[in-house]
Amino acid sequence: MPTKTIEIRAKHKNGTTTVNALITHPMEPGSQINSKARIARLPHFIQEVTCKYKEITLLTAHWGVGMPKNPYLSFSFSGGEKGDRIDLKWVDNKGNSDTAEAIIK
Amino acid sequence: MNSINQNRRTILKGALAVGAVGAVLGKRLAYANQANKPVWPKEAFNANTIEDALFKLTGGNTIIPRPNDILIKAPTIAENGLAHITIQSNIPDTESISIAIPNNPSPLVANFILDPKVSTTITTRIKIENTGDIVAIITANNKLYSAKKRMRITAEK
C-alpha cells in the first residue's frame with residue numbers, strides 16, 4: 001500500500017464547500033464473490049469513512065464489499081471558509097487506518 | 001502432600017475465576033467505549049435482502065417508493081461494471097442515504113450518515129457486475145423512502 005492513501009480536495013464557492021476524496025485501497029471482496037479464484041482470498045475492505053470539519057462529523061460512511069477498488073466520494077456542505085481544515089479518516093476490516101487533511105481553497 | 005495439592009487447586013480455581021471476571025469486565029468496558037461512535041453495522045451488511053438489511057440498519061420495516069423526490073444519476077449502460085453515480089434527495093430532514101444492489105449476495109453497498117449541514121447529494125463510484133437495479137434508500141424522520149434505476153451491463157463477467 002502506498003504511504004499516502006487519501007487524495008482529498010475541498011473547494012469553497014458561494015457559501016458551500018465541496019469535498020472530493022479518492023482513497024487508494026484494494027477493497028478485496030473475498031473469494032465468496034470472486035469464485036473463479038482458486039486461492040481463497042479473505043475480504044479486505046474499508047468499513048468506515050468519517051469526515052470532520054471543526055469537530056463536527058459531517059459525514060460517516062459505512063461501506064460493504066460492494067464498493068469498488070480505489071473508492072471515490074464527493075459531497076458538499078453549507079459553510080466552511082477558505083483556509084479552514086477538513087479531516088478525513090478511514091478504517092478497514094483489518095484495523096488499518098489512515099487520515100488526511102485538506103485546506104479549503 | 002494431599003493438603004498442599006488441595007491448596008494448589010483452590011488457588012488455581014481462584015485465579016481462573018478472577019481471570020474470567022476480568023475478561024467479562026474488559027469486554028463490557030470495550031462495548032461502553034464504542035457506544036458513543038457509530039459502529040460498522042455488520043448484520044445489515046451481511047443481510048440477504050434489502051428489507052432485512054434496512055431493518056437491521058434503522059429498525060424500519062416499510063419502504064415507501066418516492067421516485068419523484070429521489071434522483072439517481074447513473075449511466076444506463078455501463079461497460080466494465082463500474083459506475084459513477086449521484087444520488088440527490090429532495091425529501092426534507094434527510095438523515096442518511098443508503099445504496100443497495102438487489103442482485104448482490106449482500107445487497108447493501110454503502111450507507112452515508114449525514115450531518116444537517118451537509119447537502120443531500122452524494123456522488124460515489126459503485127461496482128455493479130450484472131444487469132439490474134440500483135436502489136437508493138433515504139432515511140428521514142424515521143421513515144424509509146426509496147427509488148431505483150435499472151442499469152445494463154454490457155460486458156458481463
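The side chains of A:Arg85 and A:Glu101 meet in a salt bridge at 3.5 Å, N to O, a salt bridge being a side-chain nitrogen of Lys or Arg within 4 Å of a carboxyl oxygen of Asp or Glu. This pair links distant parts of the chain, 16 residues apart: A:Arg85 lies in strand 6 (residues 85-92) of chain A and A:Glu101 in strand 7 (residues 97-103) of chain A. Strands (E, at least two residues) and helices (H or I, at least four) are DSSP runs numbered from the N terminus.

The model is predicted: local features need pLDDT of at least 70, side-chain atom pairs count only at pLDDT 80 or more, and totals for chains, interfaces and linings use all residues. Residues are numbered from 1 along each chain as its sequence is written, chains are lettered from A and ligands numbered from 1 in the order in which they are written, and side-chain values use heavy atoms, without hydrogens and water.

Over all chains, seven salt bridges are found, including these:

| Salt bridge | N to O distance |
|---|---|
| A:Arg85 and A:Glu101 | 3.5 Å |
| B:Lys56 and B:Asp52 | 3.4 Å |
| B:Asp69 and B:Arg66 | 2.6 Å |

Shared partners join A:Arg85, A:Asp87 and A:Glu101 into one network. B:Lys56 and B:Asp52 are separated by about one helical turn because they stand four residues apart in helix 3 (residues 50-58) of chain B.

Six strands form an open antiparallel sheet in the order 1(A)-2(A)-5(A)-7(B)-4(B)-2(B), where pairing requires at least two DSSP bridges between two strands. Strand 5 (residues 72-78) of chain A is joined to strand 7 of chain B by four bridges, and A:Phe77 stands opposite B:Val118.
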